[in-house]
Amino acid sequence: MLNGVSLDQLRTFIAAADEGSFSAAGRRLKRAQSVVSQTLANLEGQIGVKLFDRRGRFPVLTDQGRALLTEARTVAGGVEIFKARAKALADGLEPELSVVIDIMFPVAALIASVTDFQEKFPSTVLRLHIGAWSGVVGPLLDGRCSVGIVGSYTPAPPQLNRERIMPVSIVAVASPRHPLASHIGPIPTAVLAEHIQLIHTDRPDFLRAREFGPVSPRTWFISHLADKQAFLRSGLGFGSLPLPLVEADLASGALVRIKLEDAPPDGHVIVMSAAYRQDSPPGPAVRWFIDRLKQEAARGLNKNTLRPVTSIPAIPERRPAWSRSR
C-alpha cells in the first residue's frame, strides 16, 4: 500500500496542514473540499496512520501527522528541486563547473565570486582547483577543467581563448628589519646577491623554478605563497608577492617595498585572464562566472584595492614546460 503513495497526496496533506482546514486547502489547490477530504482519507488508509483529528470544527494534526509533515515537505521540496534542475539542464546549464585558478589571482575577488556563484547556481556542482604557472593550463587542455584564470606570464596555446579580467601588481618586499629595507634608491644586483631571495615554485624540481628572474645566487624555494609571506615577515629574505596579498602588511609596516635596480620602479604587472578551449565555449554557468569575476575586478579597481600600474609593461612571456616539450 505504501508504494501507492503519490506526490499529489503529499501536496494535499501539506496544503491542509498549512491552511488549517480542508475547505481552505481545496481553495488553494482549486479542488472541492470533498476531493481534499477523500484524498487525505485514502492517504491515511494507505500508510496506516491517522494524520488529522477531525472531531473538532477544524481538523487538527495528530502527533503522527506532525512527525510525517516534515518528511512530506522534504519529499515535495526535493521534487521541485529535481524539476528546476531538469529545466536548467534542458536549457543548457552545465551540471558541473570545474575551475582552475592561478595562485596569483586576488583571493578576495575569488571568494566573492565563488560565494555568489553557489547562491546563483545551487544545482551546479562547483569544483575549484588553485594552481600556479603552467599547472593551470594543463587541466584546460586535457578537459579536466572548463575554465581557468591564468596570468600573462603563461602563454596560451592556440587551442585556448582568453578574456582579460584584471591586472595585478607584483612588488618586491622585505621585512623592515631586513638590511635591504634601509637601502635608499634602487638596489644594485651586486647588493641583492649578498642576501637570500625567496622564490615561489610550483613544482618539486626547484632547479626548474621560475620567478620574475632570480637576482641572487642565494635562493630558497617555497611552494606556498602564505609560507613565503611568513618568511618575508620574519626577515629571512626578500622576494616578490602580489600587491593585493601584501597590502595589509604594507599598511601595518610588517613589510616594506624595496626597489630592484633591473625591475620597473613600481613593480611588475601581470594580467589575469579567463581561458577556455575554443572547442568548448562557455555555457551559462561558465559565462556568468567569468562576468562575475570581471565585475569584482572592476569593483576592486574602483576602490583602488588592486592599485594597477598601467604604465608598467607586463612581464615578458616565458615558454612553460608543456610548450618546451613539444
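Trainee: At what angle do the axes of helix 1 and helix 2 cross?

Mentor: This is a predicted model, and in it the axes of helix 1 (residues 7-19) and helix 2 (residues 22-29) cross at roughly 120°, coming within 8 Å.

Trainee: Why is helix 1 called oblique to helix 2?

Mentor: Roughly perpendicular covers 65 to 115 degrees, and roughly antiparallel needs over 145. The crossing angle is roughly 120°, so helix 1 counts as oblique to helix 2. The crossing is also right-handed.

Trainee: Which residues of helix 1 and helix 2 meet?

Mentor: From helix 1, Thr-12, Ile-14, Ala-15, Ala-16, Asp-18 and Glu-19; from helix 2, Phe-22, Ala-24, Ala-25, Arg-28 and Leu-29. Sorted by class, that contact has seven nonpolar, one polar and three charged residues.

Trainee: Which residues in helix 2 are buried, and what covers them?

Mentor: Phe-22, Ala-24, Ala-25 and Gly-26 get that label, because buried means under 20% relative accessible area. Their cover includes helix 1, helix 3 (33-47) and strand 1 (52-53). Just after helix 2, look for Lys-30, with a positive phi of about 60°.

Trainee: Which residues touch the most other members of the largest nonpolar core?

Mentor: That core has 38 residues, and Phe-105, Ile-149, Ile-165, Met-166 and Phe-289 touch the most other members. Elements supplying at least two residues each include strand 6 (160-174) and helix 10 (284-302). Apart from it there's another core, of 16 residues, with Leu-40, Leu-51, Phe-52 and Ala-76 among them.

Trainee: What does Phe-289 touch?

Mentor: Leaving out residues up to four places away in sequence, Phe-289 touches Leu-97, Val-99, Leu-110, Ser-113, Val-114 and Phe-117.

How values were computed: Residues numbered from 1 in each chain as written. Predicted model: local features only at pLDDT ≥ 70, side-chain atom pairs only at ≥ 80, totals over all residues. Heavy atoms only, no water. Axes fitted to C-alpha atoms, helices over the stretch in contact; angles between N-to-C directions. Helix = DSSP H or I, 4+ residues; strand = E, 2+ residues; numbered from the N terminus. Parallel < 35°, antiparallel > 145°, perpendicular 65-115°, else oblique. Left-handed = near helix turned anticlockwise from the far one by under 90°. Contact = heavy atoms within 4.5 Å. Nonpolar A, V, L, I, M, F, W, Y, C, P; charged D, E, K, R; others polar. Core = buried A, V, L, I, M, F, W, Y, C linked by side-chain atoms within 4.5 Å. Buried < 20%, exposed > 50% of the residue type's maximum accessible area, 1.4 Å probe, protein only.
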